[in-house]
Amino acid sequence: SPPARQCAAPIGNVARDNQGNEIRVHKLLAGSPCSEALKRVLVQNGRPGEGSPVYLVSNDCRLADYAISAVCPHQGCVVPWNSESQIFSCPCHSSRFDPEGRLLKGPAKQSLALLAVRVQDDRVLLLPRQGNR
Ligand code: FES
């Protein structure tokens with residue numbers, strides 16, 4: 001029989017901006033026309049100085065149930081999103097990742113990590129994701 005699953009309260013961080021203010025989902029999605037695809041918004045996974053930068057993913061006016069770590073798996077630089085070329089491109093040694101954070105070009109050997117996203121009271125909760133990809 002399958003192992004019993006425990007329904008523990010999720011351990012996660014509230015997504016915040018650089019000033020430490022909580023990200024509000026209704027504001028995040030407001031002003032993004034539904035035709036606009038592939039929006040990537042850089043937030044902090046927790047309070048400033050505590051967590052690491054993460055990209056929230058929205059498409060078609062909906063927040064995805066996953067987020068993409070902005071930390072390059074090569075040597076830890078923060079990887080900017082280039083909305084024009086629709087690519088993550090690391091400024092340190094030029095690794096590249098597709099809009100879902102999958103590795104396109106090294107020297108990084110792995111894709112950007114994924115986190116799970118849960119919306120709670122208009123806030124964004126970032127949680128570890130089981131079975132990363
Ligand atoms: Fe990103 Fe080296 S840290 S390519």
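Q: How accessible is Cys92?
A: Cys92 is partly exposed, because its relative accessibility is 36%. The cut-offs are under 20% relative accessible area for buried, over 50% for exposed, and partly exposed in between, with a 1.4 Å probe and protein chains only. Bear in mind that this is a predicted model: local features need pLDDT of at least 70, side-chain atom pairs count only at pLDDT 80 or more, and totals for chains, interfaces and linings use all residues. Residues are numbered from 1 along each chain as its sequence is written, and side-chain values use heavy atoms, with hydrogens and water left out.

Q: Which residue forms a disulfide with Cys92?
A: Cys77, with the two sulfur atoms 1.9 Å apart. A disulfide here is a pair of cysteine sulfur atoms within 2.5 Å. The link between Cys77 and Cys92 is left-handed, at -95° about the S-S bond.

Q: And what does the pair tie together?
A: Cys77 sits in the loop between S4 and strand S5 (81–82), while Cys92 sits in the loop between strand S6 (87–89) and strand S7 (96–97), so the link ties together parts that are 15 residues apart in sequence. The strands are DSSP runs of E, at least two residues long, and helices are runs of H or I of at least four, numbered from the N terminus.

Q: How many disulfides are there in the whole structure?
A: A search of the whole structure turns up 1.

Q: What about Cys72, buried or exposed?
A: Buried, since Cys72 has a relative accessible area of 4%. Cys90 is buried as well, with a relative accessible area of 4%.

Q: OK, switching to strands. Which order do S5, S6, S7 and S8 take in their sheet?
A: The order is S5-S6-S7-S8, an open sheet of 4 strands with antiparallel pairing. S5 and S8 are the edge strands, each pairing on one side only. Two strands count as paired if DSSP finds at least two bridges between them.

Q: How many bridges join S6 to S7?
A: There are 2, and the strands run antiparallel. Ser89 has Arg96 in S7 as its bridge partner.

Q: Now Pro99. Where is it found?
A: Pro99 is in the loop between S7 and strand S8 (103–105). Pro99 counts as buried because its relative accessibility is 16%.

Q: What does Pro99 touch?
A: Leaving out residues up to four places away in sequence, Pro99 touches Leu38, Arg40, Ile68, Trp81, Gln86 and Phe88. Contact means heavy atoms within 4.5 Å.

Q: Back to S4. Why is S4 largely enclosed?
A: In S4 (residues 62–69), 6 of the 8 residues are buried, so the strand is largely enclosed by the rest of the structure. S4 pairs with strand S3 (residues 53–59) in the antiparallel sense over 5 bridges, and Ser58 stands opposite Leu63 in S4. S4 is also joined to strand S9 (residues 114–120) by 3 bridges, again antiparallel. There, Tyr66 has Ala116 in S9 as its bridge partner.

Q: Last one, the whole chain. How many helices and strands?
A: The chain has 1 helix and 10 strands, running β-α-β-β-β-β-β-β-β-β-β from the N terminus. Of the 133 residues, 37% are buried. As for contacts between residues at least 6 apart in sequence, 47% join residues at least 24 apart.
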